[in-house]
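Visitor: Hello! Could you show me a protein and walk me through it?
Guide: Gladly; here it is.

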Amino acid sequence: MIDSEKKTNESGLVKKQRLKEKFSTLCCKFNNDRDFKLFLIVGLFTGIASGINSTVFNNFLSDTYKLTASARGIVEFPRELPGVLIVIVLGILAFLGDIKIAIVGMFFASLGMLGLGLFSPSFASMLLWMMLLSLGIHIFMPLSAGIGMNLSEAGNYGARLGRYSAYNLIATIVGYSIVWFGFKYFNLTYQIAFVIASVFYIFAAFFLGLMKSKKPKRKKATLVFKKKYTLYYCLSVVNGARKQIFLTFAPWVLIKEFNVDPPTFAILGLIIAVLSIFTRTIVGNAIDIKGERYVLSFEAIVLIVICMGYSFAADLVPPSIAVIIIASCYVIDNSLSVVEMARSTYIKKIAICPEDVIPTLSAGTSFDHVIAMSIPFVGGILWTTMGYQYVFIVAAFIAAINLFLSLKIKID
């Protein structure tokens, strides 16, 4: 009788424990869904601000400070410098936790935008505000992937990041529209445009503040460099080289060799934006179904083909067809930028501990930007001495290295 009662009590305790676990799981899922919806709103606001900034910044430099092409190239060094230093900055701020660090990034970006709009009477002052803006953007860059994955389950990292990325891109198109309608119909100035973007970064900070901020386990400033993550670091370096070649020289080929004008670039940008809404969701799902090795290898193969298009189109077909081929390569390459999320999910899956993810992503961002600062100089020399075709032949070799490294990805 006593044994029977004891078994009954034990069975009751087990049921209570299971109910507690189920309740805890449901609460955790509810909080993650709530926070992820808030994070999507953050993506909308940062996307609008980014769309405004990317649309007007180069024209702002040209019209306000009358920069030459060489001076514009020099501006890239201080603009990319915060990206190189981001691993140190995030290490120092690690005690705050991911959400609070992201809020700091948004405030820096907002102040930078405000400074560009209202407090940049000289070129030197503009550089300082530009660096503050860049610092804020680069702080948020690795954190956005880390936060998105923390609000996901193991089987849907890619889908979640793809959804966030799609929301962000749609908002970027809204930013483009604000600039187009504002300058065309409402006498919008650069100053007002920057102030509007600054406000959207503040909105992003506000909604980040509504998210549940977990107390960080890592309280000291820590930089993560572990042997297990070597392949990720190598992929980041190669990606930085490849990305900067296309960012710097792909539009330059269209401009210098085929006289493509700004309105045409605006049309190409719209095509890229619309196409990327779909590719971001497709790539996100492909990461979950096929895996990072498949996605990154496929990207590398496509990039090799694109490089061949840039290099040899003008020699194989008439100029009227060559420009269409190269413009298509430009659109496809920009649409593939979403594949960056596969490198993020790769680290999430192989991390020795969850606390390694953000520091490792920030280290990858720093390695990426070290290359981004130096590659335009080398590529410019190659273009001048041998021709633009050889820049993209080198890019094809880099893409081949990317393929070799991607095939080495293994997730236990």
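Guide: Let's begin with a term: buried means under 20% relative accessible area, exposed over 50% and partly exposed in between, with a 1.4 Å probe and protein chains only. This is a predicted model, where local features need pLDDT of at least 70, side-chain atom pairs count only at pLDDT 80 or more, and totals for chains, interfaces and linings use all residues. Residues are numbered from 1 along each chain as its sequence is written, and side-chain values use heavy atoms, with hydrogens and water left out.

Visitor: Is Phe123 buried, exposed or partly exposed?
Guide: The relative accessible area of Phe123 is 32%. Buried needs under 20% and exposed over 50%. Phe123 is therefore partly exposed.

Visitor: Which kind of aromatic pair do Tyr65 and Phe123 form?
Guide: Rings of Phe, Tyr and Trp (its six-membered ring) pair if their centres lie within 6.5 Å; planes under 30 degrees apart count as stacked, over 60 as edge-to-face and the rest as tilted. The centres of Tyr65 and Phe123 are 5.9 Å apart, with 70° between the planes. That makes the pair edge-to-face.

Visitor: Which helices do Tyr65 and Phe123 lie in?
Guide: Helices (H or I, at least four residues) and strands (E, at least two) are DSSP runs, numbered from the N terminus. The pair ties together parts that are 58 residues apart in sequence, because Tyr65 lies in helix H1 and Phe123 in helix H4.

Visitor: How many aromatic pairs does the structure hold, and which kind do Phe39 and Tyr164 form?
Guide: The structure holds 14 aromatic pairs. Phe39 and Tyr164 are 4.5 Å apart, centre to centre, with 10° between the planes. Their pair is stacked.

Visitor: How many residues apart in sequence are the parts tied together by Phe39 and Tyr164?
Guide: Both Phe39 and Tyr164 are buried. Phe39 lies in helix H1 (residues 2-65) and Tyr164 in helix H5 (residues 157-185), so the pair ties together parts whose separation in sequence is 125 residues.

Visitor: How many salt bridges are there?
Guide: A salt bridge is a side-chain nitrogen of Lys or Arg within 4 Å of a carboxyl oxygen of Asp or Glu. One of them joins Glu299 and Arg242, at 3.7 Å from N to O. For the whole structure, the number is six.

Visitor: Is Glu299 buried or exposed?
Guide: Glu299 has a relative accessible area of 2%.

Visitor: Which helices does the salt bridge of Arg242 with Asp333 tie together?
Guide: The closest N and O atoms of Arg242 and Asp333 are 2.9 Å apart. Asp333 is buried, with a relative accessible area of 7%. The parts joined are 91 residues apart in sequence, because the pair connects helix H7 with helix H10.

Visitor: Which residues are linked in a network of salt bridges?
Guide: Glu299 also forms a salt bridge with Arg343, with 3.8 Å between the closest N and O atoms. Here Glu299 lies in helix H9 and Arg343 in helix H11. The network links Arg242, Glu299, Asp333, Glu340 and Arg343.

Visitor: How far apart are the end C-alpha atoms of helix H10?
Guide: The expected span of a helix is 1.5 Å times one less than its number of residues. Helix H10 has 17 residues, so it should span 24 Å. The distance between its end C-alpha atoms agrees, at 24 Å.
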